[in-house]
Amino acid sequence: MSVETDPTQASTDGAGTPATAGTPVCRLDDIEVEGGVVALVGGEAVAVFRTYTDEVYALANYDPIGRASVLSRGIVGTRTADDVDVPFVASPLHKQAYDLRTGRCLDKGVDAAVQVPTYAVTVGADRTVWVGAQQSRDEEPHEPDS
Amino acid sequence: MMAHLRHRLVVVGHGMVGHRFVQAAIERGLTETHDIVVIGEENRAAYDRVALTSYFEVGADALSLLPLGAYDDPRVQLRLGAEVVAIDPTGSAAPDTAGAGSLTLADGEVLTYDQLVLATGAAPFVPPIEGRDLPGCFVYRTIEDLEAIREAASGARVGAVIGGGLLGLEAAKALSDLGLETHVVEMAPRLMAVQVDDAGGATLRRHIEELGLSVHTGAMTTSVLGDDRVTGLGLKDADAIDADVVVFSAGIRPRDGLARAAGLDLAERGGILVDEQGRSTSHPTVWAIGECAAPGGRMYGLVAPGYTMAEVAVDALLGGPGAFTGADMSTKLKLMGVDVASFGDAFATTPDALELVFSDAVAGIYKKLVVSEDGTRLLGGILVGDATSYGLLRPMVATDTNPGIPLPENPEELILPASRGGGSGGVVLPDEAQVCSCNDVTKGQITEAVADGGTCDSPSCVTACTAAGSTCGSCKPLVKSIVEDYFTAQGKTVDRSLCEHFALTRQELYDVVAVHEHTSFDQIVTRHGRGRGCDICKPVVASILATQLNGHVLEGATRTLQDTNDAYLANIQRNGTYSVVPRIPGGEITPEKLIVIGEVARDFGLYTKITGGQRIDLFGARMEELPAIWRRLVDAGFESGHAYGKSLRTVKSCVGSTWCRYGVQDSVQLAIDLELRYRGLRSPHKLKGGVSGCARECAEARGKDFGVIATEKGWNLYVGGNGGATPVHARLLAGDLDTETLVRYLDRFLMYYVRTADRLQRTAPWVDSLDGGLERVREVVVEDSLGLGAELEAAMARHVGGYFDEWKETLDDPEKLARFVSFVNAPDVPDPHISFREERGQSVPADSAGPVSLGTTIPVGPAGPVGSVGAS
Ligand SMILES: Cc1cc2nc3c(=O)[nH]c(=O)nc-3n(C[C@H](O)[C@H](O)[C@H](O)COP(=O)(O)OP(=O)(O)OC[C@H]3O[C@@H](n4cnc5c(N)ncnc54)[C@H](O)[C@@H]3O)c2cc1C
């Protein structure tokens, strides 16, 4: 499955369920600022996070290091990496930090290959949050416009 | 008659050194071959005589070195209140046991022995002056002496101490603490004549006079005045002093009378003459250790050399090579709040030695260094009023066998105050320099602990790991500066920032939040930090806000600051489920409630296990099941408990005087009261408490952050203990307290900790990290020296008054409850990642094989927050 349509546009009509935009999971206000929820999307557990500046990111809920479906319950904040404030979530199990943009583990000493799958995610004009397809690992990280 | 296979060893005297001997004998296995009989003249088991002066403050139980009054080894028999009146190393008094020696007790009983260890200590020297036996005259050596002094002081106005040495000044402090106008009468021209010189003595004298005591030096007491009780002291060439209580503290004499009567060799100036192993030079089955012994002809009036002698004697009895070859008599102490230190050749007896002196009469500081003729070596010194450099100076001292450390070019810098160019004078201690003499830790071992391969990142960690500074504490400043110098040299600053978002310590952040009355993380990070925070600073801020505002941890924007477990009010487990631990205050529970717990566990299929904190842990609850479980518990009168988070866990108790035939206080009631009082208190790390109903300590209270142990008169309060990877025993803060005072001290202690400790710093390292350690805690909590007491109590009162059941409040608030769903868009579908298998008849997590997909066939429930949600 892939997302082609501009989801923002796709959802401007409000109530529609355009297959191309993925699955509507909740409203933006259902996600706390710097919090997360977990949604069932295509049978998979997807964690959806909201940052302080209202950017929304989606990662698989499964923490590959802690080996449990828990990421949506982690603390959301920022970490400096190469002089940029990177939004991240800390796993509630062992506190590994995952980059919300790429799903990569930011902790030193962790295998660079450790990466949580990311999902396309968009917020409609009516503030509905849509989760789209899982993004392939090799793909450049999904950068939301901010 | 069959030959004895086991030998009998008799110890005479159950004081500090005799006790250490028995301990070592048990530990090292001497009791495998020897039955030990200990005969002690005092009615109580060995106690900490060094801390005798604190008896009025802490009581006898706290001083005891053997609180249960018996050893944990059936082969050791302790007989107290029994005096040995004669020894016969040749055994002629008991002719039927040829070869063995014998001894006679005051009641006439005769005991034989194969080995005899004399540990009879020393007795105060009372000069043979007229009137010395009058009622009102005392010595200062045993608990009974202090009790008698206290009783006499209650009807008295003026006290006088004869002797201005170390012990005399301690006795004087005790008299003045008892409310007496106090005189110190010293024959020598100065105080503490053994340790300090004239100028040092004069400085010390000014300090003591400032405390309101009268000091008479160069004053010889000629008689004690009075007819049927003491009325004063007659002095030579001076006016008499009125006094109702007189304490003799004019030195000590080894108690060598038994040996003398038996014809054993004695040292010239008293003391049983023994070899390097502690064996009498005249009889090979007689040993002497502690203050009654004179190894090499010299007696030692300090406890540390006595302990060494005890260890050496046990070693020798086991056939080991140990030897006692003398002791470092350097001393550093705080007398009535004044630092006094004396080390090495303090009186410049080395030929041609030179002296360097710094003195500041206004500040009451006197420092002297004794240096070699060529100015390159330190030989000794005296410090009065400020002994901070003691730690650096003592390892530098050169002796006959140790070259010490060369003095810097300007040695005076070592004693000048910092404002006048003082400091370490650029002295760099070599790695071999012994920094901690109590535990023999070198500088090299300290730097090793903080070096790359080492495990430490702070001075307090070094103290915990290497023991440097853990006994008398006098080298702690040096340990700290070695660690800091090391980090500086490595280009590492000791960064105490909380995390990249706050360049503040937890304590600084606490103060900033209080001063600015901040109420949200946003305000705090915008004003005092950077970025948006992380899993380190957010929970810290959450904890600080919880303490200062007493709000609900899930309220509004504070929710997202909470650490894992606080965020869901339960304990997360490896598979993402939670455990619930209903609060069982003090571990007391009715059968009905026990049944409820069982029913809840059964109905929700929860794995059940008894915890170490006297409660019951129910594992395997899915997040969305938590509210239903809490509901059941709340309805049955429980609250779910804090088995998580940085907060009070439990206050463990033994069954106490209600049932136990040994109990002396109701430990269960107190434990319940304390747990209910401090529950919910957010702190830098988890907090545990314990209450034992008697000295047997069945609640293991000293393994807790705060431990309370019942005494006949009330409660002893211990602080700073923990179990875990680095177990620490809690130490006595105050003794024989009534319940009200106990709670007051605990309120202050806990709030002081909550306010000033670092993140994740438990009470033990926190106490250690304070300048002054436990003494500092005592000043703040017991003596209220900072005047903070009322404020700390008020803060705790706010916590207690503002407490509410977090779980119940959550149940009552739909907004807070809304988060407890498996999927935001499919609240009825359980997370398929969670699965269980069975072990020993209960559910346990099945290993996760990786992410699980339900596939697209499972319909996603209709109850999602968005109108028309469906599977894509
Ligand atoms: C107030 C005070 C403060 C002190 N401060 C310090 C200090 O700061 N630092 C330091 O290092 N030292 C200090 N000391 C000295 C320290 O207490 C002693 O060095 C230590 O107690 C010696 O231990 P010991 O076992 O040899 O003697 P003790 O502890 O005196 O024990 C000897 C025991 O033997 C018993 N006994 C004697 N004769 C017989 C007999 N015939 N039969 C049966 N029992 C007998 C005695 O009753 C006594 O209980 C202080 C002492 C006092 C009094």
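**Reading aromatic pairs**

Q: How should I read burial here, and is B:Tyr678 buried or exposed?
A: Buried stands for under 20% relative accessible area, exposed for over 50% and partly exposed for in between (1.4 Å probe, protein chains only). B:Tyr678, with a relative accessible area of 0%, is buried, and B:Phe706 is likewise buried at 0%. This is a predicted model, in which local features need pLDDT of at least 70 and side-chain atom pairs pLDDT 80 or more, while totals for chains, interfaces and linings use all residues. Residues are numbered from 1 along each chain, chains are lettered from A and ligands numbered from 1 as written, and side-chain values use heavy atoms, without hydrogens and water.

Q: How many aromatic pairs does the structure hold over all chains?
A: Rings of Phe, Tyr and Trp (its six-membered ring) pair if their centres lie within 6.5 Å, with planes under 30 degrees apart counting as stacked, over 60 as edge-to-face and the rest as tilted. The structure holds 13 such pairs over all chains. The pair of B:Trp630 and B:Phe820 is edge-to-face because the ring centres are 5.5 Å apart and the planes stand at 75°.

Q: Which parts of chain B does the pair of B:Trp630 and B:Phe820 tie together?
A: Helices (H or I, at least four residues) and strands (E, at least two) are DSSP runs, numbered from the N terminus. B:Trp630 lies in helix α18 and B:Phe820 in the loop between α25 and β37, so the pair ties together parts that are 190 residues apart in sequence. B:Trp630 is buried at 0%, and B:Phe820 is buried at 5%. B:Tyr678 and B:Phe706 also form an edge-to-face pair, 6.1 Å centre to centre with 75° between the planes.
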